[in-house]
Amino acid sequence: MAISKRITEPKSASRRPEQNKTQRIRPFKAPVWELRLYVAGMTPTSIRAFENLKKLCEEHLHGAYRIQVVDLLESPTLARGDQIIAVPTLVRRLPTPVKKIIGDLSNTERVLVGLDLRPTGDWR
Amino acid sequence: MASPTTIKKKIAPSSGTSALALEKVPTGIRGLDQVTHGGFPRGRTALVCGGPGAGKTLLGLEFLVRGALLYNEPGVCIALEETSEELITNMASLGYDLPALVRAKRLAIDYVHIERKQIEETGEYDLEGLFIRLRAAIEQVKAKRVLLDTIELLFLGLKDEGIVRAELRRLFHWLKDAGVTAVVTAEIGDRSLTRYGLEEYVADCVIMLDHRVNEQISTRRLRVVKYRGSSHGTNEYPFLIDDQGLSVVPITSLGLTHSASSERISSGVPDLDLMLGQQGFFRGSSILATGTAGTGKSIFAAAFASAACARGERVLYFAYEESPSQILRNMRSVGINLEKWIKRGLLKIHATRPTAVGLEAHLATMYQDIQDFEPGVVVVDPVTNLITAGDLVAVKAMLTRLIDFLKMKHITAMFTNLVFSLDIQETVVGISSLMDTWLVLRDNPHGESERVRTLNVLKSRGMPHDTRTRTFALSDKGIKIHGNQ
């Protein structure tokens with residue numbers, strides 16, 4: 001609950017019809033990253049995961065993102081749709097392909113690799 | 001404090017160390033409840049392990065389906081290996097309508113898919129998501145039974161083995177607290193029972209399934225490796241997967257506790273009865289008729305069968321060499337009319353090629369046929385051909401189990417056995433020791449151009465019998481043994 005309330009950005013007018021209770025999704029300028037964070041209650045791990053995610057998005061996505069937090073204790077049936085078994089799980093729904101990152105997202109580099117924000121090879 | 005029954009249970013040797021008898025949940029799977037002495041432990045988790053294709057998923061699903069249909073215990077299947085559609089198709093081939101059970105809220109299937117390629121792991125996590133899904137499914141159908149198939153795929157899907165292990169431990173505790181009876185399937189390991197050592201967590205009841213293919217013939221076996229707080233059959237039991245699902249054949253060497261009947265029944269050949277202390281075979285005994293090709297073994301078997309039918313007993317005739325119509329035609333030529341007994345429902349001929357299925361499958365089929373038909377007499381003609389379906393040790397083990405089973409039911413059985421040399425002592429399977437009566441048929445050269453058939457009662461336990469070798473002749477009047485007064 002508390003987590004949901006903390007999501008305030010980004011702001012926009014329209015709203016996707018199928019997403020109802022957890023969070024309002026408001027498109028920003030394209031390309032917009034659509035991220036969903038699955039948690040099970042307000043555990044220290046879920047709070048940490050959310051904070052890590054928020055910080056990372058601020059730094060690397062420059063506001064072009066939406067985060068929806070799904071608390072599976074409140075909506076257990078949503079776990080099936082995205083095939084969630086572990087929590088926290090971050091799902092990158094857009095851009096496709098769907099990516100999943102499990103854990104408290106404490107290793108920023110790994111998260112960036114997982115989100116395709118960093119090339120996996122060392123060609124740099 | 002303790003009631004007389006608890007004291008009784010405490011000292012009863014069969015109930016192990018537990019003071020209170022373990023409550024069990026019948027699986028409803030044919031034979032399995034006998035082997036486990038009542039089913040799986042209620043409110044606990046049973047582990048079913050085995051190689052690929054051993055039948056683990058089927059056993060688990062049957063546990064759920066039969067629970068829902070027979071015992072009013074709805075079930076939840078958490079499927080990590082096969083999709084719901086695959087499970088539905090597989091079970092449909094066994095006549096189970098899973099979608100109907102799902103619609104009726106007797107069954108919930110949740111397909112859990114873990115695509116490792118899609119998943120990155122960073123930092124701490126737990127498997128609460130899986131718990132939540134399981135809980136939701138249990139609540140949805142008010143489940144009493146749960147199948148986790150195959151839970152160890154979590155090890156393949158997730159990198160942090162430490163977390164997976166800790167979470168599995170939590171899962172099994174949670175299942176116990178939830179009061180559901182669970183079945184967990186696992187792949188067999190090289191050095192341990194299961195590849196990831198799941199037996200460490202689920203130690204109450206462990207079932208192992210085995211599927212061997214020997215000389216292109218497959219045999220399936222089931223063994224209760226462990227059952228804490230309960231007695232259970234310890235042997236390897238053959239099991240079958242047929243169009244009705246899984247069935248275990250709980251035939252084991254029952255030991256020598258069967259009661260022996262002193263009732264005598266005719267062999268169907270009056271002259272032979274005279275040789276057997278003038279009264280014929282003992283009811284419930286096993287008779288072996290050995291002989292080289294063409295000595296008339298089947299005719300003795302048919303005469304015996306016909307006489308039993310004439311007494312009004314049912315006869316089950318397992319033919320492993322000839323088709324029913326061939327047997328009927330041949331026996332007509334020696335004056336034995338088996339057709340009328342078939343028409344009256346007293347005789348049933350079960351003809352199969354021995355190589356069609358494995359030995360255990362034969363045993364299982366025989367067992368079920370005998371259970372269904374309840375015959376007084378069983379004929380196996382010839383038992384030799386079963387040897388082509390298994391090795392000698394296996395054949396002997398199977399025959400021992402079959403004979404024990406028949407004796408327990410007071411069924412008189414005649415086995416014919418083809419031998420290839422005249423040295424009758426080396427009876428192919430060494431099965432003669434299992435037999436009460438042994439008839440040796442021979443085909444001897446007589447002069448230049450003739451052959452003459454001889455019969456000798458080599459042994460017949462518990463009765464004075466004729467030890468001489470007699471000649472006999474076959475005609476359209478049947479078998480005539482010479483030399484009787």
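Pro76(A) is buried, as 20 other C-beta atoms lie within 10 Å of its own. A residue counts as buried if 20 or more other C-beta atoms lie within 10 Å of its own, as exposed if 12 or fewer do, and as partly exposed in between, with C-beta atoms placed from the backbone. The place of Pro76(A) is the loop between E2 and H3 of chain A. Its C-alpha is 9.1 Å from that of Ala40(A), although the two are 36 residues apart in sequence. Apart from neighbours within four places in sequence, Pro76(A) is in contact with Ile132(B), Arg133(B), Arg135(B) and Ala136(B). Contact here means that the C-beta atoms of two residues, placed from the backbone, lie within 7 Å.

**The model and its confidence**

This is a predicted model, in which local features need pLDDT of at least 70 and side-chain atom pairs count only at pLDDT 80 or more, while totals for chains, interfaces and linings use all residues. Residues are numbered from 1 along each chain as its sequence is written, and chains are lettered from A and ligands numbered from 1 in the order in which they are written.

The predictor gives the complex an ipTM of 0.74 and a pTM of 0.69. The average pLDDT of chain B is 84, and 89% of its residues score at least 70. Residues 1–19 of chain B have a pLDDT below 50, and this stretch has 13 contacts in the model beyond near neighbours in sequence. The pLDDT is the predictor's confidence in each residue, from 0 to 100.

**Chain A**

Chain A has 4 helices and 4 strands, and along the sequence they follow the pattern α-β-α-β-α-β-β-α. Helices (H or I, at least four residues) and strands (E, at least two) are DSSP runs, numbered from the N terminus. Chain A has 124 residues, of which 35% count as buried. Among the contacts in chain A with a separation of 6 or more, 62% are between residues 24 or more positions apart.

An open sheet of 5 strands runs in the order E2(A)-E1(A)-E3(A)-E4(A)-E6(B), and its pairing is mixed. Strands pair if DSSP finds at least two bridges between them. At the edges are strand E2 (65–71) of chain A and E6 of chain B, each pairing on one side only. On average, neighbouring strands of this sheet are turned by 20° against each other, direction ignored. Helix H2 (residues 44–60) of chain A packs on the sheet and touches E1, E2 and E3 of chain A; its direction makes about 165° with that of E1(A). Such angles run from 0 to 180 degrees between N-to-C directions, and the axes are lines fitted to C-alpha atoms, for helices over the stretch in contact.

Within chain A, Tyr38(A) stands opposite Thr89(A) in E3(A). Across the two chains, Lys100(A) stands opposite Ile119(B) in E6(B).

**The contact between the chains**

How many residues of each chain take part in the contact? Chain A gives 29 residues and chain B gives 21 residues. On the side of chain A that touches chain B, helix H3 (78–81), strand E4 (99–102) and helix H4 (108–114) each supply at least two residues. That side divides into 16 nonpolar, 8 polar and 5 charged residues. Ala, Val, Leu, Ile, Met, Phe, Trp, Tyr, Cys and Pro count as nonpolar, Asp, Glu, Lys and Arg as charged, and the others, Gly among them, as polar.

**The sheet of chain B**

In chain B, 9 strands form an open sheet with mixed pairing, in the order E17-E16-E18-E19-E15-E20-E21-E22-E23. Its edge strands are E17 (347–351) and E23 of chain B, each of which pairs on one side only. The twist from one strand to the next averages 20°. Helix H13 (residues 359–373) of chain B lies across E16, E17 and E18 of chain B, at about 160° to E16(B).

In this sheet, Leu316(B) has Val378(B) in E18(B) as its bridge partner. Arg453(B) stands opposite Phe472(B) in E22(B), and Leu474(B) stands opposite Ile479(B) in E23(B). E22(B) and E23(B) form a hairpin with 2 residues between them.

| Strand pair | Bridges | Direction |
|---|---|---|
| E1(A) (residues 33–39) and E3(A) (residues 89–94) | 5 bridges | antiparallel |
| E4(A) and E6(B) (residues 119–121) | 3 bridges | parallel |
| E16(B) (residues 315–319) and E18(B) (residues 377–381) | 5 bridges | parallel |
| E21(B) (residues 450–460) and E22(B) (residues 469–475) | 4 bridges | antiparallel |
| E22(B) and E23(B) (residues 478–481) | 4 bridges | antiparallel |
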